[in-house]
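Let's take a walk through this structure together. Have a look at it first, and then we'll go from one spot to the next.

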Amino acid sequence: MIRAVFSLLTAAFAMLTLNACSLIQGLVPEFKMPKIPLPSLRTVTNLVPGMPDKDQVDGEDPTVPFNSRGTLGYGHTVRVEAYEGARGTARIYRDISMVDTQGLLPLGSVGSARVGGLTLPKAAEAIAAAFRLAGRSSRPITIHILSVENTPVVSINGDVREAEFIPVFEDITVERAVSVSGGRKAGSTAHGVYITREGQRRFFTSLENASNDWEPQAGDIITLSPDI
């Protein structure tokens with residue numbers, strides 16, 4: 001008798017738990033990350049004249065799977081440009097290098113930046129910090145990551161859900177790139193957008209205007225203004 005009552009109570013508790021879970025799932029909206037379109041069929045060959053055609057340091061540089069929303073690790077080869085200054089910018093670095101077994105990205109005479117295990121936005125910050133430390137300069141440093149493992153990318157940051165890099169895809173526009181990244185923060189009323197190329201920053205009053213006047217290319221930094 002006691003065993004039968006216990007079984008009935010257990011079954012009733014299980015039913016209540018399932019119903020409660022279903023109710024909670026119905027009340028909490030599900031946020032789905034937008035899908036990233038396939039990378040452009042354009043190769044990296046035309047990204048930067050004078051640089052290697054492929055993101056490959058040497059014959060022993062392995063081909064490693066790359067996800068623009070993932071983290072960097074051993075074997076990932078990165079194409080980087082660095083600029084110093086704000087109005088009158090000067091390019092101070094341009095090269096490709098591979099993340100080594102210790103998670104370090106060599107940066108020529110500057111030294112290296114520890115990027116292993118970092119997302120691309122965090123890796124860009126680490127690279128900028130390495131240049132600032134090496135130069136001991138108070139001038140702004142702008143880092144452009146053009147591609148990783150032969151995948152051209154653009155950076156999207158500022159008034160967004162989360163800073164990230166996305167692959168350059170066919171028929172990309174500024175609006176489409178921002179849409180793929182998830183758009184502005186919830187409740188944002190700002191409209192302005194800055195786009196940085198070769199260290200130079202340009203302002204647009206809206207994403208629509210930016211899309212009409214600017215064609216994104218690998219290495220561009222799209223920054224959504226939180227104020228304007």
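**Starting from a phenylalanine**

Leaving out residues up to four places away in sequence, Phe131 touches Ala82, Ile92, Tyr93, Leu107, Val110, Ile141 and Ile143; contact here means heavy atoms within 4.5 Å. Before going further, note that this is a predicted model, where local features need pLDDT of at least 70, side-chain atom pairs count only at pLDDT 80 or more, and totals for chains, interfaces and linings use all residues. Residues are numbered from 1 along each chain as its sequence is written, and side-chain values use heavy atoms, with hydrogens and water left out.

Phe131 also belongs to the largest nonpolar core, a group of 23 residues, and is listed with Leu107, Val115, Ile127, Ile143 and Ile145 as having the most contacts inside it. A nonpolar core is a set of buried Ala, Val, Leu, Ile, Met, Phe, Trp, Tyr and Cys residues joined through side-chain atoms within 4.5 Å. Buried means under 20% relative accessible area, exposed over 50%, and partly exposed in between (1.4 Å probe, protein chains only). Strand 1 (77-84), helix 2 and strand 5 each give two or more residues to this core, and helix 2 gives the most, with seven. (Helices, H or I of at least four residues, and strands, E of at least two, are DSSP runs numbered from the N terminus.) There is a second, separate core of 20 residues too, with Val154, Phe169, Ile195 and Trp214 among them.

Helix 2 turns up again at the second largest pocket, where its five residues make the largest share of the lining.

Next stop: His76, in the loop between helix 1 (2-27) and strand 1. Is it buried or exposed? His76 counts as buried because its relative accessibility is 5%. Its side chain reaches the backbone nitrogen of Gly73 at 2.9 Å.

Finally, find Gly158 in strand 6. Gly158 counts as partly exposed because its relative accessibility is 41%. Its C-alpha atom is separated by 9.0 Å from that of Val193, 35 residues apart along the chain.

Terms used
A polar contact is a pair of N or O atoms within 3.5 Å; within protein, one must be able to donate a hydrogen and the other to accept it, and residues adjacent in sequence count only if both atoms are side-chain atoms.
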